[in-house]
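Please take me through this structure in the viewer, one selection at a time. At each stop, say what to select and what is found there.

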Amino acid sequence: ETLFDLGRISESLEVIEKLEQKGGKNHHRFLFHAQILYALGDLDKAFTLLKEYEIHAFDPDKKYKELLSGILFLQGDFSQALEVLGESQYSPNVLAIMNANALQAVCWEKFGQAFEVLVHAYENLNTSSYKVSFPLSWNLVLCAYQQKDFAYGKKILEDIALERDFPG
């Protein structure tokens, strides 16, 4: 975990894989291993490990729920992701999780997935606070630019400008 926290993600993966080979008994290793694989963009293996963690954990924690829902959001399974979070609607917390996972997808250069998640989140902003709506909207503009959907990006910029009180 220290290697991971230091940004030495590949090294942390090597260590956790060696521990897995030795047959560790701590079921939290599945969660941490999934977190490493998620950081490296291997969503399928991360998802499998989260399911293994779910089998062994009596009460899966917040980190597990956020990681699993993030994977589900990136896979386009929005209703299942909401269910994992125990939410029935897009609260500011859910929107922040979606925004964070879209940014992670951008780091993996999976702009299409990021764009899809941000569009869906933007369409469900409703009355969320400015603290959530502005970064999410701005990130959507950047993804629209990356996707070369300039008209959509312009529309979101206009919405941002209308939301905010600019002097004069």
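Begin with helix α3, whose buried residues pack against α1 (2–5), α2, α4, α5 and α7. The coordinates are a predicted model.

**Stop 1: α3**

Keep α3 selected and colour it by burial: 11 of its 12 residues are buried. The buried set consists of R29, F30, L31, F32, H33, A34, Q35, I36, L37, Y38 and A39. The end C-alpha atoms of α3 are 17 Å apart; this agrees with the 16 Å that its 12 residues should span at 1.5 Å a residue. Step just past α3 to G41, which has a positive phi of about 90°.

**Stop 2: the whole chain**

Zoom out and show the chain as a cartoon. There are 10 helices and zero strands, so the pattern along the sequence reads α-α-α-α-α-α-α-α-α-α. Along the principal axes, the C-alpha atoms fill a box of roughly 65 × 30 × 25 Å. Of the 168 residues, 43% are buried. Take the contacts between residues at least 6 apart in sequence: 51% of them join residues at least 24 apart.

**Stop 3: S12**

Select S12, which sits in helix α2. Is S12 buried or exposed? S12 counts as buried because its relative accessibility is 3%, against a cut-off of under 20%. Show its surroundings, leaving aside neighbours within four places in sequence: S12 is in contact with L3, F4 and I36. I36 is also on the list of buried residues in α3.

**Stop 4: the second largest pocket**

α2 (9–21) and α3 are the elements that give two or more residues to its lining. The most comes from α2, with four residues. In total 11 residues line this pocket, and E1, I16, L19, R29 and F32 lie nearest its centre. By class, the lining divides into five nonpolar, four polar and two charged residues. R29 and F32 were already selected at the first stop, among the buried residues of α3.

**Stop 5: K51**

Go to helix α4 and select K51. K51 counts as partly exposed because its relative accessibility is 32%. Show side chains and look for E54: a polar contact of 3.2 Å joins the side chains of K51 and E54.

**Stop 6: α5**

Select residues 62–74, which form helix α5. Its 13 residues reach 18 Å from the first C-alpha to the last, close to the 18 Å expected at 1.5 Å a residue. Which residues of α5 are buried? They are Y64, L67, L68, S69, G70, I71, L72, F73 and L74. After α5 comes G76, with a positive phi near 85°.

**Stop 7: the largest pocket**

Return to the pocket display. How much space lies in the largest pocket? The volume is about 210 Å³. Select its lining: Q35, Y38, K63, E66, L67, I97, A100, N101 and Q104. The elements that give two or more residues to this lining are α3, α5 and α7. α7 has the largest share, with four residues. Sorted by class, the lining has four nonpolar, three polar and two charged residues. L67 is also one of the buried residues of α5.

**Stop 8: two loop residues**

Most residues other than glycine have a negative phi. Select E109, in the loop between α7 and α8. E109 has a positive phi near 65°. E109 is exposed because its relative accessible area is 61%, against a cut-off of over 50%.

Finish at K148, in the loop between α9 (130–146) and α10 (150–163). The phi of K148 is likewise positive, near 65°. K148 has a relative accessible area of 63% and is therefore exposed.

Note on methods: Residues are numbered from 1 along each chain as its sequence is written. This is a predicted model: local features need pLDDT of at least 70, side-chain atom pairs count only at pLDDT 80 or more; totals for chains, interfaces and linings use all residues. Side-chain values use heavy atoms; hydrogens and water are left out. The expected span of a helix is 1.5 Å times one less than its number of residues. Buried means under 20% relative accessible area, exposed over 50%, partly exposed in between (1.4 Å probe, protein chains only). On a 1 Å grid over the protein atoms alone, a cavity is a set of points where a 1.4 Å probe fits but cannot get out, and a pocket is an open set with protein on both sides within 12 Å along at least five of seven lines; lining residues have an atom within 4 Å of a point. Grid points are joined across faces, edges and corners, and a volume is the space filled by probe spheres set on the points. Ala, Val, Leu, Ile, Met, Phe, Trp, Tyr, Cys and Pro count as nonpolar, Asp, Glu, Lys and Arg as charged, and the others, Gly among them, as polar. Contact means heavy atoms within 4.5 Å. A polar contact is a pair of N or O atoms within 3.5 Å; within protein, one must be able to donate a hydrogen and the other to accept it, and residues adjacent in sequence count only if both atoms are side-chain atoms.
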